[in-house]
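Keep the structure in view as you read.

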Amino acid sequence: MSIRKDIQELVQAGVITKDSADSIRDYYKNKGKSSTNRLFIVFGVLGAILVGLGVILVIAHNWDVLSRRTKTLFAFLPLLLGQILCGFVLIKKQHSTTWRESATAFLFFAIGSSISLISQVYHIPGNLGSFLLSWMLLSLPLIYIMKSSTASLLYLMGITYYACETGYWSYPSSDAYPYWILLLLALPHYYLLYKKKPKGNFMLFHNWLVPLSVVIALGTVAKRTDELMFIAYFSLFGLLYLIGVKTFFARQKLKNNGYKVLGATGTIVLLLTLSFDWFWEDLRRKDLSFDEIVATPEFLASTIISLLALVLLYLHQRNRSLNHIKPIAPMFILFIIAFLLGLSSPVAVVLINIYVFAIGVLTIWNGARQDHLGILNYGLLIITALVICRFFDTDLSFVLRGILFISVGVGFFAANYGMLKKRKTNG
């Protein structure tokens, strides 16, 4: 039986009023339109990108037989078409998301193609880093003039690529410091999305792409004292996790919360990596002078990010008891303690293993307390990963390794069986 017939039957039976029935019909009508609009936006953007790339390929096929003047004309043609299209959208279709996002996506790629073609025609010297920087700077106004989230997402991808090109692949001939300014220039649009469309798809994409971009680009800061980058990354993952457990993000599904997922996953991966002694042995051999370290960009990055994470941790916990603290939240502070001890003592690697085990146990306890199988099994997976890491330690006997695996397997079975039995009893 269809929804309309069900509603009519409920009205006739006196279960709901006519006004309530009209409200329900409007809800399902608007819901259907919303889904259709999302599809139009997706296909519109993809269509604009494909058309733009198709025009470029057609021109490229006949490029060698064209004169310099004709090449220049064709180089500016996609840019001119994109500007005309965006102008039309601003005048006639400014309230249409599909038109706005599609036209902006076309113009975004037209800018890049025009820059590259003109550079090729007139043999303008440059490298990939300078090309990407010019492209992103010229594309930045599209985000705010067109109010385009597609342009914002493409811009974030572009500046991340720029950071990798200049900070990793072309290092030390270039650096990626302009990336941080470029990132700040895009954040106002992200904030506007948060205020106007906090549950929209574009907001969800930004919730993943913004933190992922920062995680990728942070490594470009490393110059001389790479060891300090572990502090910077631990603090960054702690900061992301604390953002992810804020009320706005905590209400969303986990798959939509890039901050929490990246923060938690990054922290656990780093802890497991440093649960081996190789890093700490190398750290103890280093002759690190505080006077030399304090002047490095790694120290500056570590300090700034750690202070931000510390402030956010304080704001998160000031009205809560220690019983409600998230196991991963203070881990960046505990790692700094372990790092300072690790400069002169092998006890640091023991502390890291204790940290991982404690996170696993506390996560299991939280899962049992909340009657949540997903959280419980996540804690068990953390402990399993720790056991696997210890399996590769050469100083452990095969008997001890076997006992560890058996213990974790029994723990998996017992914990899940106990919770399911508890649910069945309570049900």
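At what angle do the axes of helix α11 and helix α17 cross? They cross at roughly 25 degrees and come within 10 Å. Keep in mind that this is a predicted model. Two packed helices are described by the angle between their axes and the distance between the axes.

**Helices α11 and α17**
- Helix α11 spans residues 258–273, and helix α17 spans residues 373–391.
- Their axes cross at roughly 25 degrees, which makes α11 roughly parallel to α17, because angles under 35 degrees count that way.
- The crossing of α11 past α17 is right-handed.
- On the α11 side, A264, I268 and L272 make the contact.
- On the α17 side, the contact residues are Y378, I382, A385, L386 and C389.
- By class, this contact of α11 with α17 has eight nonpolar residues, no polar ones and no charged ones.

**Helices α7 and α8**
- Helix α7 covers residues 178–196, and helix α8 covers residues 201–218.
- The two pack at an angle of about 160 degrees, and their axes lie 11 Å apart.
- Angles over 145 degrees count as roughly antiparallel, so α7 and α8 are roughly antiparallel to each other.
- α7 and α8 cross in a left-handed way.
- α7 contributes Y179, W180, L183, L187, H189, Y190, L193 and Y194 to the contact.
- α8 contributes F202, M203, H206, N207, V210, S213, V214, A217 and L218.
- The contact of α7 with α8 divides into 13 nonpolar, four polar and no charged residues.

Note on methods:
Residues are numbered from 1 along each chain as its sequence is written. This is a predicted model: local features need pLDDT of at least 70, side-chain atom pairs count only at pLDDT 80 or more; totals for chains, interfaces and linings use all residues. Side-chain values use heavy atoms; hydrogens and water are left out. Axes are lines fitted to C-alpha atoms, for helices over the stretch in contact, and angles run from 0 to 180 degrees between N-to-C directions. Helices (H or I, at least four residues) and strands (E, at least two) are DSSP runs, numbered from the N terminus. Angles under 35 degrees count as roughly parallel, over 145 as roughly antiparallel, 65 to 115 as roughly perpendicular and the rest as oblique. A crossing is left-handed if the near helix is turned anticlockwise from the far one by less than a right angle, and right-handed if clockwise. Contact means heavy atoms within 4.5 Å. Ala, Val, Leu, Ile, Met, Phe, Trp, Tyr, Cys and Pro count as nonpolar, Asp, Glu, Lys and Arg as charged, and the others, Gly among them, as polar.
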